[in-house]
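Dear colleague,

I would be grateful if you would read the notes after it alongside the model.

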Amino acid sequence: MGGQGNAAPVVIKRKKVIAGGGHHGGAWKVAYADFVTAMMAFFMLMWLLNATTEKQRKGLADYFNPTIPVNRISGGGEGAFGGDSVFAEETLAHNGTGASNLHPTEAEAARGDSGEAVPSPEAQKAEVDAMLAARGGESMTMERALRHVVTRVTDQGLVIEVFDLPGAPLFDAETAAPNPVMAEIAAVLAEVMALATNGIAVEGHVRALPVIRIDAPAWALSAARAQAVRAALEAAGTPPARMRRVTGHADRRPATPDPAAARNNRLEVILLRRNL
């Protein structure tokens, strides 16, 4: 019994045997799936770049572009619009915004808002007045010539009125032959017309004659003077296509209470509003 009390204790070791590799979580699977998806997208992109045309690639780019409605040219592929957008003038009615041609014809030009502000007659008047003032400071001769000119805004548009002054008529008496001062003013007016693209109207007025004449020359004279100014503007560089009308009003619209006053001998060159 005494010998057993000094015996060494028995230690029993238990080993935990784990079968297989165990569970390490599934996060790596998500990362691997993302990697495979990215690689698939990359190779698809490479294939598309090689297998599509420039116009088709433009269409794909526009598909992911949130500003398609305001693009000048968009769309691609060979679908309903043949690679053009609804804004191209070759596709639908010519009333969209923008134009795909750099120099479209009048028939093919887009009719919508081009994004460019159209100057109002009031803004045009300020620009014209500034230009006339600058020209008047060039010489005493030009300053005297521009005393015949005033501007105003009416329902028709910007009116540039050229009128006789006492002792300084624009035309030879009772004729449509312009004096040198009228020729100088016409050259300046042609420069003014180049500031805008509006249509132009030329209207002639004459004073009432103190004696009633059988042939009533006022109508023919006012029209002839308007035609002379139109011809002078075109000779100075104004495109003939901008001329909308040339009218003679005889003595029916006097500018002063006295219909026989020389001030009623006048020409009106009008930059018409866009809707006229």
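The notes below set out what was found, beginning with the basis of the values.

This is a predicted model, in which local features need pLDDT of at least 70, side-chain atom pairs count only at pLDDT 80 or more, and totals for chains, interfaces and linings use all residues. Residues are numbered from 1 along each chain as its sequence is written, and side-chain values use heavy atoms, with hydrogens and water left out.

Overall composition

The chain holds seven helices and five strands; these are DSSP runs numbered from the N terminus, helices being H or I of at least four residues and strands being E of at least two. Read from the N terminus, the order of the elements is α-α-α-α-α-β-β-α-β-α-β-β. The chain has 276 residues, of which 30% count as buried; buried means under 20% relative accessible area, exposed means over 50%, and partly exposed lies in between, with a 1.4 Å probe and protein chains only. The accessible surface of the chain is about 17,800 Å², and carbon and sulfur atoms account for 61% of that surface. Accessible areas come from the Shrake-Rupley method with a 1.4 Å probe, and for residues only the protein chains shown count as cover. Among contacts between residues at least 6 apart in sequence, 59% join residues at least 24 apart, a contact being heavy atoms within 4.5 Å.

The nonpolar patch and the aromatic pair

Trp-28, Tyr-32, Phe-35, Val-36, Met-39, Phe-42, Phe-43, Leu-45, Met-46 and Leu-49 form a nonpolar surface patch with about 1,000 Å² of accessible area together. Patches are made of residues with over 30% relative accessible area and no salt bridge, where like charges are joined within 9 Å and nonpolar side chains (Val, Leu, Ile, Met, Phe, Trp, Tyr) within 5 Å. Trp-28 belongs to helix 2, residues 27-51, and is exposed at a relative accessible area of 55%. Phe-42 is partly exposed, its relative accessible area being 42%.

The count of aromatic pairs comes to one. In this pair, the ring centres of Phe-42 and Phe-43 are 5.6 Å apart and the planes stand at 70°, so the arrangement is edge-to-face. Rings of Phe, Tyr and Trp (its six-membered ring) pair if their centres lie within 6.5 Å, with planes under 30 degrees apart counted as stacked, over 60 as edge-to-face and the rest as tilted.

Salt bridges and a charge over a ring

The chain has 12 salt bridges, each defined as a side-chain nitrogen of Lys or Arg within 4 Å of a carboxyl oxygen of Asp or Glu. One of them joins Arg-135 and Glu-138 at 3.0 Å, N to O; Arg-135 is buried at 15% relative accessible area, whereas Glu-138 is exposed at 52%. In another, the closest N and O atoms of Arg-152 and Glu-161 are 2.4 Å apart. Glu-161 is buried, with 3% relative accessibility, while Arg-152 is partly exposed at 32%. Both residues belong to a network of salt bridges that also links Arg-263, Arg-266 and Glu-268. The charged end of Arg-263 also sits over the ring of Phe-163, 3.8 Å from its centre; the rule requires NZ of Lys or CZ of Arg within 6 Å of the ring centre and within 35 degrees of the ring normal.

Asp-251 and Arg-252 form a further salt bridge, with 3.4 Å between the closest N and O atoms. Arg-252 is exposed at 57%, and Asp-251 is partly exposed at 27%.

Individual positions

Asn-265 lies in the loop between strand 4 (243-248) and strand 5 (266-272) and is buried, with 10% relative accessibility. Leaving out residues up to four places away in sequence, Asn-265 touches Val-162, Phe-163, Asp-164, His-205, Val-206, Arg-207 and Arg-225.

Glu-122, in helix 4 (residues 121-136), is partly exposed at 47% relative accessibility. Beyond neighbours within four places in sequence, Glu-122 contacts Val-153 and Arg-273.

Yours sincerely
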